[in-house]
Every structure is written in structure tokens, then in C-alpha cells.
Amino acid sequence: MAESNKVLEFFLNNNHLNIIDIGARYGTQDNFKDIEKYCNVFAFEPDEKECQRLSASDLKTRYRNYTCNPFIVGDKNGPQTINITENPGGSSIFLYNQEELQGFKYKESITPVDSKVVETRRLDDILLSSGKGSMDYANIDVHGSECNVINGGDRIFEKDVMFVNIEMWFNEIYKGQPVFRDVDALLAQKGFKLLSFTKIRHLNRESVKTFYNICGEAFWTNVYYVRHPDFFFEKSDDTNRFIRFLLLLHLFAHPGYALHVLDRFEKETGIYIPDDFSSLYRTFIKKHYTPPQSYKMKKFLYQKLMQLVHKLS
């Protein structure tokens, strides 16, 4: 652990990860557990009480910087109505689609029980005007507003963010919402590629006893999107940014793509990450990497990667 701490001091103390968490109810992912004090989190949660709860929680002390803003993040500025559902985590600017959900048990959790007018802000206007710096990672959990978020953050999603974790829907459970194919196409336009599905949620009809079942119908999923290797060719002088990308890939258990990007970066730019980093990283993958099935394994991988990053010093 002492070695790991030295590496953290070397690499992350003046090279922080900037995280955007849009739809921040319940807090930020555990993937950052080991490096929270080196992360700046800019969270957005339209439920003002939940935003206040998050702001008063231990997130303020766990992260280097944690701010929660009680806004809807969208494609325009101004007031907008959000429909509050029975399960507040399902609240959306869209109303639930009764026809699509006919016969499914899930509809009860997104039945609207109230509505509220909330201020909407464009991500570019919030972050670029405040001088927050370059954003590295974005989590998007907005129940139908995915395209609005991305369109309101043209600059952020075209030039900044390297890794997106986004909840997406295969079926139109909210009236008029974009579905998977729409959001996937938009992220492709912004220069992202689909890396993996974390889990596909299936729903059974009311005639089947179980609520979730892989034999049911696919409704929603969480998806990882990342930059194509050529994103980094134009930024070849910013090796710290490139290493942050490798770190993100490792925290989310995708070292294979990290090696692919590393190979392309060195081949296309002629710039080699200092001396023996590439060979050390490849050796590490061959000797140590197995798919992380637990938090303990993810922590082990993180510590090993940090030891390699230390070789840059």
C-alpha cells in the first residue's frame, strides 16, 4: 500500500480526474473508490432535496471536490417540467408510455404522482463558462433525456469526455423518448465507440411470476462508450490525459482496449509513452490480468497499474 500511495502522490496529486454525474441520485459509482480524493465530481440532480442530501453527505469529504447542482441538464436553458414518479429514480421530462408497458409489472414504479418545474441548463454553458477544465468521464442516468444532455454539451462531448457510462432504453417506455439506436448514433457522431454492455435488464409480463428474468424482453441497459484511438493523435503532447484514459479503462475493467489504444497511439504519432511503460504494461496484462469478478480484484488491478504509472517518474 505504501508503494501505491507514493504513485498516487506522483501521478494524481496534480493530475486529477474530472467526473460529470448527470442524474446523480444515490451517489457516484464505486469504480472510483480507491481514488476518490483525487477526483473532482460535478453532479446534477433535479430533485432538490436529493441534491441537498448528496451535498451534505460524506461525498463532500471523500472526493477532492464534490458539487451537486439542482438542474435538469438539457439542450436548452430555461424552465422545464419534470414528472415525479412513484419511484423517484424513474422521474423524467417524458410521461411513461402506457401502451408500451401494458402487461408489465414495471409500470408501477414510473407512474407519475406529481410534476414540478425545474431550471434546465446546457452542459456547455455550465462547465465551459465556469472554467472547470477538461472533463474526463461522464455518467448519464436521465430516463429518456440522453440526447438532450449530449446535444446540450456539444463541446464537452466532442472535445473533452473520454469515457461515457450511460443508461439506455431499447423500448419507448416514456412517450417520445429516444431509444438505444438514436443515442448510439448520436454518440458515434461525437466520436465515441461502443465498448461494452454492463448488463441488459429484461422484464417479464405480469403473467410470469418473476419481475426480472433473462427470458423476458430486453428493456434497458448500461453501456460504456469510449474514444477511438485517433482522438488522442491530435492531443499527442498531452500524455497525462492519455494515461488518465488508460486509468479509466482499467478502473472499468477493459485493459485489452487500453493496449489497443496504446499501440495505435505509438504507431501513429511516433511518440512513445516514456521508455519502458509500453512493455511493462503489456507484461502486466499477460501476467496479472483476469476479468475482475469482485471489488478486491479491481483494487488489485488498480494498484498494479499505479505501479506501472510510477515508472514514468
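# A tour of the predicted model

Start with C147, which is buried, at a relative accessible area of 13%. Next select C51, which counts as buried at 3% relative accessibility. Keep in mind that the model is a predicted one. While the cysteines are on screen, look for disulfides: with a pair defined as cysteine sulfur atoms within 2.5 Å, the count is 0.

**The whole chain**

Zoom out and switch to a cartoon. The protein has 12 helices and 10 strands. Colour by accessibility, and 52% of the 313 residues count as buried. How far apart in sequence are the residues that meet in contacts? Among contacts between residues at least 6 apart in sequence, 73% join residues at least 24 apart.

**Helix α8**

Select residues 180–189, which make up helix α8. Show the side chains of F180, V183, L186 and L187; these residues of α8 are buried. They lie on the same side of α8, because the arc they cover around the axis is only 135 degrees. Now turn to the other side of α8, where R181 and Q189 are exposed.

What covers the buried residues of α8? The cover includes helix α6 (146–151) and the strands β8 (163–169), β9 (192–203) and β10 (217–227). Colour these elements separately to see how they sit against α8. Then step to G191, which follows α8 and has a positive phi, near 95 degrees.

**The largest pocket**

Show the surface and go to the largest pocket, whose volume is about 810 Å³. Its lining has 41 residues, and those closest to the centre of the pocket are R25, E45, P88, G89 and D141. Select these five by number and centre the view on them.

Which elements supply at least two residues each of the lining of the largest pocket? They are β1 (17–22), α2 (48–56), β4 (72–74), β5 (78–85), β6 (112–122) and β7 (137–140). The largest share, 3 residues, comes from β6. Coloured by residue class, the lining of the largest pocket divides into 17 nonpolar, 14 polar and 10 charged residues.

**Two residues with positive phi**

Select Y26 in the loop between β1 and β2 (39–44). Y26 is not a glycine, yet its phi is positive, about 80 degrees. With a relative accessible area of 64%, Y26 is exposed.

Move on to H143, in the loop between β7 and α6. H143 is not a glycine either, and its phi is positive at about 50 degrees. Is H143 buried or exposed? At 8% relative accessibility, H143 counts as buried.

Select residues 239–251, helix α9, and pick out L246 within them. L246 is buried, with a relative accessible area of 0%. Draw a distance from the C-alpha atom of L246 to that of L262: the separation is 8.4 Å, for residues 16 apart along the chain.

Finish at E268 in helix α10 (residues 255–269). E268 counts as partly exposed, at 46% relative accessibility. Draw another C-alpha distance, from E268 to D230: these residues are 38 apart along the chain, and the atoms are separated by 8.5 Å.

Note on methods: Residues are numbered from 1 along each chain as its sequence is written. This is a predicted model: local features need pLDDT of at least 70, side-chain atom pairs count only at pLDDT 80 or more; totals for chains, interfaces and linings use all residues. Side-chain values use heavy atoms; hydrogens and water are left out. Buried means under 20% relative accessible area, exposed over 50%, partly exposed in between (1.4 Å probe, protein chains only). Helices (H or I, at least four residues) and strands (E, at least two) are DSSP runs, numbered from the N terminus. The arc is that of the directions from the helix axis to the C-beta atoms. Contact means heavy atoms within 4.5 Å. On a 1 Å grid over the protein atoms alone, a cavity is a set of points where a 1.4 Å probe fits but cannot get out, and a pocket is an open set with protein on both sides within 12 Å along at least five of seven lines; lining residues have an atom within 4 Å of a point. Grid points are joined across faces, edges and corners, and a volume is the space filled by probe spheres set on the points. Ala, Val, Leu, Ile, Met, Phe, Trp, Tyr, Cys and Pro count as nonpolar, Asp, Glu, Lys and Arg as charged, and the others, Gly among them, as polar.
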